[in-house]
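Please read the points below with the model open beside you. They go through the chains one topic at a time.

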Amino acid sequence: MLFNSFSFFIFFIVVSASYFLLPHRYRWIMLLLASCIFYMFFVPAYILILFFTIIIDFIAANLIDNSVGKKRKNWLTLSICANVGVLAFFKYYNFLNDSLTSALGWLQTPNPIPHLDIILPIGLSFHTFQAMSYTIEVYKGAQKPEKHFGIFALYVMFYPQLVAGPIERPQNLLHQFHEKHYFNYHRVVEGLKLMCWGLFKKAVVADRLAPLVDAVYANPENGTGLAAFMATAFFAFQVYCDFSGYSDIAIGSARVMGFTLMKNFNIPFFSTNLSELWKRWHISLTSWFKDYVYVPLGGNRVPKWRWYVNLIITFSLSGLWHGANWTYIIWGSMQGIFLAIGAATQNSRNKFNSLFGNFQGSFLWNVWQQLVVFALFCSGLVFFRSQSLDNAFMLIQNGLQFSQTDFSFSVFKNNPYEFKLGIAVIIILLVMEKLMGGRYIYEWSKNFSRLFNWIFFLLLTLTILHFGVFNSNSFVYFQF
Amino acid sequence: MKRFVITAFIFLSLILAACLFLHYYIIPKLGFTPYYWGDKLITEKRNAAVASSGFNTLFFGSSMVYRQINPAAFDSVVNKNSNLDIKSFNFGVNWLASSELIYLTDNILNDIPEKPRYVFLELQRIKMVNYKNYLTTRIIYWYTPELYKFTVDAILHSRMPFYSKAGQFISHTVNFIGNQINLGYFTEALRFLAETHTAGLYRTPEEVGNGFLSLEAENKKLLESGVNPERLNRFLKDTATVYARKQASITAFSYFEKHPEDLSVYNTAYAAKLNSMIEKYKVNNIHLIIFLPPRLDRLQYQELLPVLNALPDDHRLNMADARLYPGFYLASHSFDVTHMNEKGAALYSRNLAEQFVNRMIKMN
């Protein structure tokens with residue numbers, strides 16, 4: 001079920017109303033059933049896979065808690081193997097097998113392992129990581145194991161964040177299912193305001209930019225010069241609005257029922273260095289990798305060369321998490337390399353920047369730095385968005401060949417209005433985000449009068465209705 | 001909770017009022033979208049019908065018209081056997097369902113400067129909107145309050161079971177609301193404007209010709225462009241499905257012959273609408289002929305045969321009886337279960353022309 005669909009509109013009203021109408025002791029049952037229905041809208045049979053990992057993790061966590069010494073580690077290993085095994089089979093089997101076929105092809109040897117027609121269960125990477133964080137936290141002693149199977153199943157399956165996060169931690173979410181939430185007018189309105197803003201980002205910005213991006217990325221041979229740069233910049237905003245829009249709707253719909261989910265995006269395009277951007281982009285995933293990969297590898301408390309390697313390993317794995325394709329691995333590795341170079345050159349850059357004296361920290365200085373960070377981020381997105389490495393390299397090659405005709409944006413000419421509207425909505429988005437300054441829209445709107453709030457949200461809703469794209473475009477991050 | 005309900009009600013009322021104001025006052029003044037903007041093929045065919053003078057007969061319907069009525073074959077039979085001097089145009093469009101069909105027929109006939117003498121309208125059952133197509137431009141562009149009212153009336157007066165009626169009512173209501181609140185209007189309108197201003201994207205009236213394009217011809221194009229012709233292959237694997245359609249026709253017609261009293265129980269709302277169209281067009285000297293196409297399923301016969309029977313004799317043709325037209329149900333005349341191939345289309349067009357000539361002779 002897509003958040004921008006009619007069915008979700010009805011589903012959300014029914015579930016939210018039922019939640020407050022039911023006595024507290026029955027709410028978890030209703031929420032679990034609703035989450036099952038939500039998930040089964042995609043491929044119903046795959047709910048069995050979800051329950052397989054839920055059962056394994058529920059049992060493993062309780063066994064970890066009841067064991068001592070090496071046994072604890074064994075149960076944790078079993079749980080992680082089960083989770084990673086499911087992920088590896090559904091997401092990476094064909095990728096690894098195809099890579100093997102290519103490698104054997106070089107040696108002119110056929111690959112005896114067959115290619116399987118597997119459909120990736122929707123949101124598998126998200127709920128698998130959320131389930132894994134639970135057993136790891138129980139192993140670390142930071143979380144008591146959940147004794148109620150239904151509540152634990154709901155922790156993994158809670159519909160707002162089931163298929164695309166935020167990837168929650170048990171310390172933040174699990175206890176909320178035991179708490180009784182009363183209907184609170186202000187909180188409900190806040191949740192709805194956030195959903196409204198999320199829908200604006202998805203339906204008005206992301207889905208408007210999608211065909212402009214596709215015009216170049218579907219035919220990379222057409223994407224010469226400026227068109228390639230524009231399409232990549234558009235994609236940065238598309239993927240941001242798509243995913244942060246989804247997160248806002250998820251956080252908002254949970255907030256309506258009284259649940260607080262973690263923040264997933266914090267105006268990343270206003271970051272003045274790449275490290276800051278990655279602390280503001282897909283926060284629930286980057287913090288997951290930080291806590292469970294980067295820190296266990298030693299983080300930055302190791303020799304410098306090792307620190308750089310840790311950064312590259314962490315981001316390469318993050319790339320692999322996004323998809324079973326070399327394009328994602330290169331994208332992740334590039335971000336890791338950029339961060340490693342950034343860390344290695346920090347002192348010399350500081351010395352160089354000091355030459356600019358008071359200009360540092362000025363508005364123009366910040367804008368310049370934001371543009372540099374955005375360009376670095378976009379350079380990786382060429383790989384992230386391309387269907388294959390060949391396409392990515394073709395687009396890079398073509399993109400570097402400027403000609404005068406590029407400035408006519410001929411590749412976007414099939415829909416010149418959309419091109420202009422696309423730029424207009426990006427400007428609106430950036431102005432709004434700058435004004436909000438990293439706060440949620442409901443926090444920002446508290447500074448204004450009630451009349452302003454009414455007018456603003458009426459206009460926002462009318463804009464979504466009239467300028468939104470409503471042909472049920474799936475969210476980009478669902479594929480991960 | 002009470003405060004929230006009141007606030008939500010006021011908010012939604014204001015949104016609805018603003019949408020309706022835009023829908024009925026602002027958007028018509030902007031003039032971005034003409035009545036035929038819902039589909040590329042509709043736009044092409046409308047342009048062709050308006051630009052090419054001399055068409056005095058129009059066929060309106062779904063793909064069962066578009067793919068099966070060949071104006072060239074029809075005209076040659078009519079003109080050979082009568083002095084009607086017919087030049088016809090096929091205005092069949094894929095998935096054109098009953099209410100949309102009425103909407104387009106009305107608007108096209110208003111729009112065309114030279115009014116045709118004869119208009120053929122395919123008789124169809126009110127269809128449920130497929131959930132996958134909910135709120136898309138093609139589905140919502142044609143709703144008017146009058147057509148929505150007719151659609152709901154026709155659903156309520158149909159022979160369908162209650163759950164089907166409920167499903168249909170919901171599907172049409174949701175999409176009607178989508179139309180009234182202008183859902184995604186400016187996005188789609190700008191797309192339409194951009195497309196119509198892009199050279200080469202729409203076929204010219206000359207390229208559209210008489211509007212007919214057989215599925216075989218389209219399939220040939222698909223093959224040339226490397227598309228897998230799954231539809232034909234799927235049908236060729238099991239041609240018995242056409243036989244099932246033939247049996248459905250025989251069973252339905254035999255049943256109503258044995259139980260003629262059941263014909264008197266018909267969808268009064270639907271029949272009233274069609275009769276009113278017949279009368280309305282008469283004023284402009286347009287003779288409306290409503291015809292029942294072949295290869296329908298059991299439920300369609302149950303619903304449509306009584307409706308057809310409720311129309312005046314001079315304004316109805318029945319092409320669905322497999323006992324009279326066994327050739328329509330031959331696998332060798334088929335492209336898929338519901339559509340005939342080029343050979344079948346030629347036969348169908350000739351038979352339709354013969355029935356039409358006979359009816360005209362009888363009338364005079």
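Predicted model: local features only at pLDDT ≥ 70, side-chain atom pairs only at ≥ 80, totals over all residues.

1. Charges of chain B. Here there are 39 positive and 32 negative side chains. The centres of these two sets in chain B lie 4 Å apart. Chain B exposes about 16,600 Å², with 59% of it supplied by carbon and sulfur atoms.

2. Fold of chain A. Its secondary structure consists of 19 helices and zero strands. The radius of gyration of chain A is 23 Å, close to the 23 Å given by the globule rule for 480 residues, so chain A is as compact as a globular protein of that length. A box of roughly 70 × 65 × 50 Å along the principal axes holds the C-alpha atoms of chain A. Of the 480 residues, 56% count as buried. Among the contacts in chain A with a separation of 6 or more, 76% are between residues 24 or more positions apart.

3. Domains of chain A. The chain is divided into domain 1, residues 6-180, and domain 2, residues 187-479. The C-alpha centres of these two domains of chain A lie 26 Å apart. To the contact between them, domain 1 of chain A gives 38 residues and domain 2 of chain A gives 37 residues.

4. Fold of chain B. This chain has 16 helices and five strands. A compact globule of 364 residues would have a radius of gyration near 21 Å, and the 22 Å of chain B agrees with this. The C-alpha trace of chain B spans about 70 × 50 × 50 Å along its principal axes. Of the 364 residues of chain B, 54% count as buried. In chain B, residues 24 or more positions apart account for 83% of the contacts with a separation of 6 or more.

5. A loop residue in chain A. Ile267(A) has a phi near 35°, which is a positive value in a residue other than glycine. Where is Ile267(A) placed? It sits in the loop between α9 (225-256) and α10 (274-280) of chain A. The relative accessible area of Ile267(A) is 14%, and buried means under 20%, so this residue counts as buried.

6. A loop residue in chain B. Asp85(B) is not glycine either, and its phi is positive, near 50°. Asp85(B) belongs to the loop between α4 (71-81) and β2 (88-92) of chain B. Is Asp85(B) buried or exposed? Its relative accessibility is 56%, and the cut-off for exposed is over 50%, so Asp85(B) counts as exposed.

7. A buried helix residue in chain B. Met277(B) is part of helix α14, residues 268-283 of chain B. With a relative accessible area of 1%, Met277(B) is under the 20% cut-off and therefore buried. Which residues does Met277(B) touch, not counting those up to four places away in sequence? They are Ile102(B), Asp106(B), Leu121(B) and Leu288(B). One of these, Ile102(B), is 175 residues apart from Met277(B) along the chain, yet the C-alpha atoms of the pair are separated by 8.8 Å.

Conventions. Residues numbered from 1 in each chain as written. Chains lettered and ligands numbered in written order. Heavy atoms only, no water. Helix = DSSP H or I, 4+ residues; strand = E, 2+ residues; numbered from the N terminus. Rg over C-alpha atoms; globule rule 2.2 N^0.38 Å. Buried < 20%, exposed > 50% of the residue type's maximum accessible area, 1.4 Å probe, protein only. Contact = heavy atoms within 4.5 Å. Areas by Shrake-Rupley, 256 points an atom, 1.4 Å probe, with all protein chains shown as cover. Lys, Arg positive; Asp, Glu negative; His and termini not counted. Charge placed at Lys NZ, Arg CZ, Asp CG, Glu CD. Domains from an automatic or database assignment.
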